[in-house]
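Here is a short walk through one protein model.

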Amino acid sequence: MKKINRLSKIMKNTFKFICLLVFICNLVICCSVSAKATTTGGSSNGNSSSVVSDTDNNTGNILGVNISTDGEGGLSGALQIVLVLTVIALCPSILIMLTSFTRIIIVLHFTRAALNTQTAPPNQVLVGLALFLTFFIMSPVFNQVYTDAIKPLNEGTITQEEAYKAGIKPLRTFMLNQVKDKDLDAMASIAGIDNISSKDDIPLTVLIPSFILSELRIAFWIGFLIYIPFIVIDMVVASTLMSMGMMMLPPTTISLPFKILLFVLADGWNLIIVNLMKTFVT
């Protein structure tokens, strides 16, 4: 138990250190470019720009960073690095808000709580399983985002604005397929939006919180259904112990082996994961 807690603390500290390192690298790159770089002449068509840092004449040119965009919307290597670092820093929030991760991780935690096994399986296993299931469910969406937005932008065939519109469209479609109408209406009324002719007119500021509310509702409903058979076992064990006069013996101690036995015989993990994945509308 102590080893698991110690390992969990080490993993958390490592993750915080990596996030801090990414943030510092991003900040250093931005500060270096903005503080020391000077803009040089553009290309003949006026669509490219370069940023070159100048140092003291005695030391010469130490840092040279070129950020250029051609007429077709391509990005230079330095700007791509900055964008990648920014996306890495925002990945946890994007993963939680715009994908199926929220519903999956909540259901898995409800399953462990219903079994009353405390730390088995541990949090690292649950999060890892939720991540791989999320990648499995979201793979068609991610492939479409790469095909329609990332690849054309990297090749310079579309602009950044066009890439954003093409990349957000598959995510919007996925969220609209999962969200409930009453959640959309509630968030739209809070935002003061009364007339929405079609779902394509719904802004992301309304769609994302509506999607999260729908995911929480569905996850808690599934968690309630998972709890029912285990509550029955607890009630039967508690009634049996009371009738035998064993009031000092905790019912959870006796019911735990029966819960695990029922879960294993019913192939619980397969039932929960397969049916959970079927709840997502594609």
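Axes are lines fitted to C-alpha atoms, and the angle between two of them runs from 0 to 180 degrees between N-to-C directions. Two packed helices are described by that angle and by the distance between the axes.

The model is predicted. Take helix H6, residues 181-191, and helix H7, residues 204-243. Their axes lie 9 Å apart, and the two helices pack at an angle of about 140 degrees. Angles over 145 degrees would count as roughly antiparallel, and 65 to 115 as roughly perpendicular. The angle of H6 and H7 therefore makes H6 oblique to H7. The crossing of H6 past H7 is right-handed.

Which residues meet between the two helices? H6 brings Lys182, Asp183, Leu184, Met187, Ala188 and Ala191. On the H7 side stand Val206, Leu207, Pro209, Ser210, Leu213, Ser214 and Arg217. Sorted by class, the contact of H6 with H7 holds 8 nonpolar, 2 polar and 3 charged residues.

Now step back to the whole protein chain. It has 9 helices and 2 strands. Along the sequence they follow the pattern α-β-β-α-α-α-α-α-α-α-α.

How much of the chain is buried? Of its 282 residues, 31% count as buried. The chain exposes about 17,800 Å², with carbon and sulfur atoms supplying 67% of that area. Contacts tell about sequence separation too. Among contacts with a separation of 6 or more, 63% join residues 24 or more positions apart.

Note on methods:
Residues are numbered from 1 along each chain as its sequence is written. This is a predicted model: local features need pLDDT of at least 70, side-chain atom pairs count only at pLDDT 80 or more; totals for chains, interfaces and linings use all residues. Side-chain values use heavy atoms; hydrogens and water are left out. Helices (H or I, at least four residues) and strands (E, at least two) are DSSP runs, numbered from the N terminus. Angles under 35 degrees count as roughly parallel, over 145 as roughly antiparallel, 65 to 115 as roughly perpendicular and the rest as oblique. A crossing is left-handed if the near helix is turned anticlockwise from the far one by less than a right angle, and right-handed if clockwise. Contact means heavy atoms within 4.5 Å. Ala, Val, Leu, Ile, Met, Phe, Trp, Tyr, Cys and Pro count as nonpolar, Asp, Glu, Lys and Arg as charged, and the others, Gly among them, as polar. Buried means under 20% relative accessible area, exposed over 50%, partly exposed in between (1.4 Å probe, protein chains only). Accessible areas come from the Shrake-Rupley method with a 1.4 Å probe; for residues, only the protein chains shown count as cover.
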